[in-house]
Every structure is written in structure tokens, then in C-alpha cells.
Number of protein chains: 2
Amino acid sequence: MGALDEGHFNVQLENRVKLSCVELGFEREPETLAIEDAVKVLLQGLGEDVNREGIKKTPFRVAKALREGTKGYKKNVKDIVQGALFPEAGLDNGIGHAGGAGGIVIVRDLDLFSYCESCLLPFQFKCHVGYVPSGQRVLGLSKLSRVADIFAKRLQHPQRLADEVCSALHHGIKPAGVAVVLQCSHLHFPNLESAFLDTNHQGWVKALVASGSGLFENENADIWTDFLSLLRFRGINGDKTHIKDCTEQSWCPSLSASSAKISSKLESANQGMIAAVVSIIRSLGEDPLREELLGTPSRFVKWLMNFQNANLEMMLNGFAFGRMDLKPNGEVCRSKEQIHSELNLSFWSQCEHHLLPFHGVVHIGYYCVEGFTPIGKSLLQSIVHFYGFKLQVQERLTRQIAETVSSILGGDVIVVVEAGHTCMISRGIEKFGSSTATIAVLGRFATEPSARAMFMQSIPKTTFGG
Amino acid sequence: MGALDEGHFNVQLENRVKLSCVELGFEREPETLAIEDAVKVLLQGLGEDVNREGIKKTPFRVAKALREGTKGYKKNVKDIVQGALFPEAGLDNGIGHAGGAGGIVIVRDLDLFSYCESCLLPFQFKCHVGYVPSGQRVLGLSKLSRVADIFAKRLQHPQRLADEVCSALHHGIKPAGVAVVLQCSHLHFPNLESAFLDTNHQGWVKALVASGSGLFENENADIWTDFLSLLRFRGINGDKTHIKDCTEQSWCPSLSASSAKISSKLESANQGMIAAVVSIIRSLGEDPLREELLGTPSRFVKWLMNFQNANLEMMLNGFAFGRMDLKPNGEVCRSKEQIHSELNLSFWSQCEHHLLPFHGVVHIGYYCVEGFTPIGKSLLQSIVHFYGFKLQVQERLTRQIAETVSSILGGDVIVVVEAGHTCMISRGIEKFGSSTATIAVLGRFATEPSARAMFMQSIPKTTFGG
């Protein structure tokens with residue numbers, strides 16, 4: 001622990017961590033190096049210093065995450081299925097209705113993630129797979145998840161993903177039928193401007209898609225009712241009419257009317273960044289000229305440019321301070337005894353270690369200094385957005401908001417940030433449902449535990465998953 | 001797909017699936033072979049034919065799962081932490097209260113699993129980790145999960161696990177303090193006899209443990225209030241008095257008064273199986289003579305022997321049929337129009353592919369044949385337990401219950417089984433929260449969709465996670 005004891009640490013060490021076999025030599029593979037180069041171009045385009053400590057290894061981390069997240073291109077359904085088909089008699093030893101011939105087998109609530117082909121952001125989904133065994137054999141339950149994951153670990157669209165999983169299982173296990181239902185959640189896609197203008201942004205765009213083969217091919221078949229009845233208990237409405245195709249327009253927020261406009265000015269200014277994303281897509285084994293991927297580089301760069309390095313004055317110009325809502329009567333604080341609080345100010349940010357979004361809420365509490373004017377909600381929201389829309393870590397975001405609010409209010413401030421991090425859900429870690437909370441305290445909130453406790457008890461419970 | 005097309009399949013193929021690097025040569029390592037041999041002894045002790053199709057590869061699967069589940073013995077905290085410490089200024093650039101110096105950072109709701117050192121069954125837990133940065137550096141968020149996983153992937157007890165994670169993080173990142181709270185769930189531990197006698201078995205035993213270092217060392221420190229306030233929103237009561245040590249007696253059900261008695265007769269009869277489990281423990285890199293592990297082989301064998309291969313008459317002797325509750329007045333069915341149903345009959349079973357428990361509920365519906373006597377709940381529960389307490393797959397269990405009920409009732413039967421499978425939570429798959437549903441239908445339930453729908457709508461929603 002010598003190096004650590006001295007307060008030094010060497011990020012190069014990350015390379016020495018043993019990599020698993022798939023990644024042996026991973027660091028030197030041309031695809032990895034190409035992605036690293038491309039990520040450097042993107043970081044420079046954001047105005048970042050690529051040698052800054054926090055992001056020095058970001059190109060490697062992004063390459064590792066992207067290749068891990070798209071490893072399904074190299075995987076084979078047959079390898080997974082063949083060793084795991086088990087003989088199992090059916091009812092009546094023939095065309096019965098259970099066991100190895102007839103009765104539906106359903107695995108529900110498999111948490112998985114995929115990469116959106118329209119914008120290159122990960123999306124998460126709950127996968128429900130059912131099949132009706134035939135030929136007196138059943139598949140090991142975990143293989144349903146592993147086969148779904150082969151197709152999830154690609155650049156995907158929900159409906160195609162469902163269709164591919166369904167078709168692969170149908171060909172792999174030759175059952176009487178396969179049904180796949182996916183509940184997908186895609187992070188919302190605001191930009192700095194729309195985040196300010198529309199304070200009611202939903203965090204997630206949802207899509208429900210289904211695919212069926214064999215007995216499930218006809219979507220009005222009675223067997224769908226059986227299948228959906230057993231999913232109803234998992235939070236899905238059993239009404240078949242609720243399952244409909246999700247069109248590209250209604251799914252990825254980058255394709256919605258307001259987001260899809262990418263000015264030619266923006267395109268030409270960021271030509272180098274767009275070319276870098278094309279190179280990334282190619283390095284993942286995809287064809288950048290595939291129809292669905294044609295606009296993806298521009299859309300990804302547009303999203304990324306929301307997090308351009310910039311200073312407070314420039315970013316807030318025309319937005320927040322212009323609409324700062326001072327209390328109507330110019331009221332000033334006459335007492336330091338009351339905690340003012342603004343809860344659930346939403347934010348979007350981009351993890352600088354992985355170039356992946358994190359998203360959540362900020363809670364701010366303060367004692368107003370006597371004679372000062374209580375601060376308006378929209379100013380606090382502006383400060384939150386300003387520090388959110390850049391490459392960040394949540395710890396720094398929390399401190400920066402606290403410092404800025406304290407500089408305006410002169411003292412006693414508490415800031416709590418709660419967020420879900422895409423980098424905890426995708427990549428190798430896959431900790432669905434986890435969330436991160438950080439706290440910064442100044443003045444009386446640092447010295448008085450009761451003040452902290454009073455504020456924290458007022459924070460409502462929020463969930464951050466899709 | 002030739003072999004599959006012909007209805008053949010070769011379980012040997014499983015060996016050809018590419019293994020990851022850690023496992024290269026895994027199949028030939030002496031530890032793997034020793035575990036495989038031991039598992040064969042266990043299977044024979046259960047009265048199974050080790051060459052039966054479904055369990056032929058079980059010794060290999062068990063060895064793979066156990067070694068995967070205990071790989072933490074070979075992992076190093078330093079390797080994980082060192083590459084992921086990032087410089088981050090604190091408030092006031094010094095002993096401030098946020099950022100890289102001062103403010104608590106908490107990662108909540110990490111789903112992990114571990115192996116119970118008292119009984120060798122996996123248990124799952126939600127892990128909440130917090131620390132207060134110092135030295136102007138913060139740890140990459142995912143590393144909190146990865147460090148916890150190093151200690152989870154061992155034979156563990158909740159309190160030691162919490163202490164080890166806390167201590168490792170404290171030494172690894174030198175923060176001002178570390179807090180760890182674990183919400184653990186251990187599968188209940190009934191045997192055939194107690195399952196019959198006590199129909200109100202809870203599925204899970206819960207334990208809540210905490211560990212703290214530095215600022216968190218004093219369990220009455222105000223900072224625990226801050227930490228628990230932010231966990232309260234995750235379903236933990238913030239009252240410190242709720243977090244108490246869990247003693248061995250109150251945790252693993254195999255140590256509870258009624259389970260702990262292992263007769264010397266049982267011990268001597270199963271000497272070979274007990275020796276096999278000792279060999280497994282040694283092959284995992286543990287010392288079978290470590291105090292906490294001394295009784296583990298006997299306890300594991302006692303649990304396993306619940307699933308001994310036996311025939312219906314022998315198993316039910318003295319239990320169910322003796323207490324079969326015919327309707328009091330000897331009532332017989334006069335109409336075929338009414339669906340009789342028994343919902344939520346609990347069961348415990350053992351997955352024959354992985355020697356891991358699965359646990360859930362069975363729902364049975366039937367039309368009584370005119371002139372027949374409606375079947376009593378306790379008889380149905382007996383049938384469910386009989387087919388549960390053996391090496392099983394859920395598909396077969398469903399079919400067998402349907403066939404047996406139908407043979408008694410002469411016809412129209414539907415059986416729905418819903419279960420959580422330990423083999424979907426532990427091993428490499430780690431699909432926390434997933435569950436499996438299977439259906440068997442006979443007679444009118446096979447031909448009339450409306451009969452199925454009516455029955456399935458009466459099934460209440462259940463969750464199967466810990």
C-alpha cells in the first residue's frame with residue numbers, strides 16, 4: 001500500500017488488473033486503439049484537456065465498455081443452447097400440455113441492457129421469455145437469459161431485439177412456440193435549452209414490445225392470453241392491445257421531432273467528432289452505412305455537445321438569471337431559524353469516467369442570512385443544470401452546487417444529490433436498481449446534526465431505475 | 001443444427017463452449033475434479049443414477065458454480081481500488097464537507113450473493129456502502145460494488161462479510177470513514193416433516209447487519225444518522241436500534257434449535273457424503289477445520305437428504321394421507337361448472353442441474369367430476385411436497401403434480417407453478433428478481449381458453465426474491 005500511503009496513485013495501474021480471456025491483448029487490438037483515438041477526438045471537441053487526471057483513462061474505459069456492451073456480435077446461440085437441452089417427458093408422453101411437450105415455461109423479469117442504435121446510449125429492459133416445449137426436451141432456464149443477452153449486447157432497437165431473441169430461440173430449441181415481451185426504458189434526451197424551458201421532463205421513455213413464433217405467431221391466439229396472464233403479475237397489463245410495435249419515432253428521444261433537427265452548421269462544425277463516432281461504430285463490428293445507423297453519429301455528437309465545457313456566465317446567458325424569480329414582494333429574511341428547501345430539482349449529467357449519462361434529483365436546503373433575499377427555485381434549477389450539463393462526477397457536482405449556492409446566500413447550505421448512473425447498469429457491472437447519494441454541508445449544516453436530520457427527513461423517496 | 005434436427009443432443013457439447021480465461025483448463029484442475037467426484041458421491045447418496053441424462057453433467061455444473069461463487073479468495077482489493085482513485089477537491093480545499101474531502105458518498109441497493117458458511121447454500125443481499133472521502137480523492141463508484149463482491153464470493157456470515165468489506169475499503173482508500181449496511185435473505189430451511197407440520201413457513205430468513213470504521217466507528221455518531229437517513233428511502237428504517245448484530249443462531253436456519261439436531265445415526269449413515277462435502281470445502285480453498293465450518297458438512301448433507309429419491313407411498317407414510325381432510329360432510333360434486341382451486345401451496349425443491357434450491361408456490365385448479373369428492377387442501381399440499389422434495393426441474397414438477405391430481409380427480413386439471421430459482425441468482429448469471437412460471441393443463445383446461453383465463457385471473461401476485 002506504499003503508493004497509497006503517500007497519497008499518490010497511478011491510474012496506469014488499471015492496465016495491470018487482470019483481464020479475462022476474451023480481453024487478453026484487448027488493449028492492443030486495433031479496434032480498441034481506434035475507439036480510444038476516437039474518444040480523444042470527442043473529448044477535445046468538448047473542450048476538455050485529454051490529459052486531465054479524471055479523464056486521462058476515459059478513452060480506454062469507454063473502449064472497454066463499448067466492446068463489452070457489443071460482444072453479442074461474436075456470440076453464437078448454438079454454443080449456449082446445445083449443452084443445455086434436457087430430456088423431459090410431456091403429459092401423456094406425446095402431444096400433451098406440460099413438461100417436455102406442451103405446457104408454457106416462462107422466465108420473467110430478467111434485467112438486461114442494450115445499446116440504442118439511434119443514439120448509442122445504453123437502454124435497460126426487463127425481459128420476459130416463454131416457450132412451449134416440444135420433442136420431449138426442455139432448455140436450462142438460465143439459457144433463456146443468456147440467449148437474450150447475445151442480442152442485447154449489440155446496437156439495437158426494441159422491436160428488432162425482441163424479434164431476434166424470439167427467432168434465435170425458435171431455431172435453437174425447436175419448440176412449439178416462443179414468446180418474448182420486453183419492457184424497455186430509454187433515458188430522456190433533453191438538451192440544456194429544453195431542460196430549462198420544460199421543467200416537467202420525464203426521466204425515462206418507455207416502450208413495450210412483443211414477438212412470437214409458432215403457437216405465438218398469431219397475436220390473437222389464446223395462448224398469448226395465458227402468457228400475458230402470468231406476466232400481469234409482473235406488472236404488465238394482460239390486455240393484448242397494450243402491446244404494440246414501437247416505431248422509431250416514438251422510441252429513442254433523439255428521433256423525436258424537437259431533437260431530430262440537427263443544423264447543418266452544427267454538422268459542419270463537428271465534422272471531426274462525427275467521423276470519430278463513425279469510426280467507433282465500425283470498430284464495434286457494425287456497418288455505419290446500415291440504414292438505421294446513418295444519422296447516429298450526428299445524434300450522438302449532438303447529445304454529447306450538451307456537456308461541452310463552458311463557464312457559468314456564458315451558459316446561463318439568456319436562460320436562468322433572466323428569469324430569476326425573486327419572491328414577489330422582494331421579501332427579505334428576518335430569521336435564521338427556518339430551513340428553506342427546494343426538493344427534487346432534476347438534473348442530467350455525463351459521467352466523465354465512462355462518457356455515460358447519470359440522471360437524478362438535487363435537494364437543496366439553506367438558512368437564509370438575515371437581510372438576504374430567499375433564492376428562487378428557477379435560479380437554483382439553473383445552477384443545478386449548469387453544473388449538470390458537463391463532464392462530471394457526482395461528488396464534484398454536489399460540492400459545486402453547494403459552493404455556488406453558498407456564495408449567493410452567504411452561509412448555511414446542505415445539498416443532497418441522488419442519481420442513477422448508466423455506468424453502474426451497463427458495462428460489466430450491471431447493478432440494476434442501484435443508486436448513488438452524495439451530501440455537501442456548509443455552515444450550520446456542518447456543525448448541527450439536528451439541522452441535517454431535519455432537512456433529510458423532508459426528502460421524499462425516489463426511484464431512479466427505468 | 002443437424003443433431004438437434006434429429007432430436008438428439010449431446011450434453012458433452014457443454015464442454016466445448018468457450019470458457020473464459022480464468023477457467024482455461026478449469027475442467028482439468030484438481031480442485032474441479034475433486035468437487036466433481038464429491039458431487040457424484042452426494043448424488044449416489046440421494047439414490048440417484050449419476051448417468052441419468054439430466055444429472056450426468058451436474059457434478060461439472062456444481063463445481064463450476066461453487067468455484068465461481070468462491071472466486072473472491074483469489075482476488076485482491078488493491079488491484080481493484082488503485083486504478084480508480086480520482087483526484088477531487090473538497091469544499092474549502094481542505095477538511096471541508098463534500099467532494100474529495102468530507103461529504104458522504106453512498107452507493108445503495110447493490111444486489112449481490114454469497115455462500116452461507118453454515119450450510120453452503122447461497123444467500124442474497126442488498127448492499128449499501130458509504131464512505132467519507134479524504135485526501136482529496138474519490139473512488140470510482142462501481143469499485144464499491146466490486147470490492148464488496150470480493151468478500152461476498154467466499155463462504156460467509158453476514159456480520160463478518162460487512163466487517164470485511166468495511167475494513168478492506170478503509171485500508172484501500174484511506175477515507176475519513178466507511179459504513180456498510182447489508183440486508184441479507186437466507187432461504188428458509190424446512191425439512192419434509194416440518195413442511196407438513198407447519199404450513200406457515202416463511203420463505204426467507206432476514207438479517208440486517210452494519211459495520212463502520214473511522215467516523216462511523218462509534219455506532220452512536222451523528223454521521224450514522226445522516227447515512228441511515230439516506231438509506232431510509234431505500235426501505236431501511238433509519239432507527240439505529242434496528243441495526244444489531246445477527247448471531248449465528250438467529251441467522252442460518254440450519255443452526256436453529258429444531259434444525260441443528262443431527263442424530264449420530266444420520267451422521268454415521270452418511271459418513272461418505274459428509275466426507276465428500278469436507279473435500280468440496282477444501283477444494284474451494286477453505287479450511288474445513290475453521291471453527292465455523294466444522295458442522296457445515298453434516299448440515300449440508302442433512303439439507304440434501306430432504307431431497308432423497310423415494311417413492312410416493314413411502315414418503316407420505318404417516319404424513320399426508322393420514323390427515324387427508326375430506327370435506328366434513330362427505331360432500332360430492334354435483335356440477336362440473338364450478339372451478340375448485342387451491343392457491344399458494346408452498347413448495348421447496350432442489351434443482352437437479354445445479355443442486356441448488358428453488359422455492360415458490362403451486363396453484364391448482366380443477367373441475368370436480370360428478371360423483372367424486374372434492375379434494376382436500378392438505379392432500380394437495382402433500383402431493384406438492386412429495387414432488388418438491390427431490391431433485392427436480394420445475395417443468396417436471398408441474399407435470400407430475402398435474403398427473404397425480406388428475407389421477408385422483410379423473411380429469412380437468414390446471415397447475416401453475418411460480419418459483420424463484422437460486423441457480424438464476426447465484427452462479428455467473430446473477431439475475432436477481434427473476435422468477436419462473438410453468439403451466440400444465442389437462443381436459444377442459446386444455447381445450448377451453450376461457451377456463452384457463454378464469455383460473456389464472458384468480459392467482460394473486462407474489463414476489464419470490466429475498
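**Close-up 1. Crossing of helix 14 and helix 15 of chain B in a predicted model.** The axes of helix 14 (residues 377-388) and helix 15 (residues 394-409) of chain B come within 10 Å and cross at roughly 145°; axes are lines fitted to C-alpha atoms over the stretch in contact, with angles running from 0 to 180 degrees between N-to-C directions. In the contact (heavy atoms within 4.5 Å), Leu379(B), Leu380(B), Ile383(B), Val384(B), Tyr387(B) and Gly388(B) of helix 14 meet Leu397(B), Gln400(B), Ile401(B), Thr404(B), Val405(B) and Ile408(B) of helix 15. These residues divide into nine nonpolar, three polar, Gly being counted as polar, and no charged.

**Close-up 2. Strand 12 of chain A and its pairing partners.** Strand 11 (residues 413-421) of chain A pairs with strand 12 in the antiparallel sense over seven bridges (pairing requires at least two DSSP bridges), and Val415(A) has Ala440(A) as its bridge partner. Strand 2 (residues 105-116) of chain B pairs with strand 12 of chain A, also antiparallel, over four bridges; here Ala437(A) stands opposite Ile106(B).

**Notes.** Helices (H or I, at least four residues) and strands (E, at least two) are DSSP runs numbered from the N terminus. Residues are numbered from 1 along each chain as its sequence is written, and chains are lettered from A and ligands numbered from 1 in the order in which they are written. In this predicted model, local features need pLDDT of at least 70, side-chain atom pairs count only at pLDDT 80 or more, and totals for chains, interfaces and linings use all residues, while side-chain values use heavy atoms, leaving out hydrogens and water.

Methods. Left-handed = near helix turned anticlockwise from the far one by under 90°.
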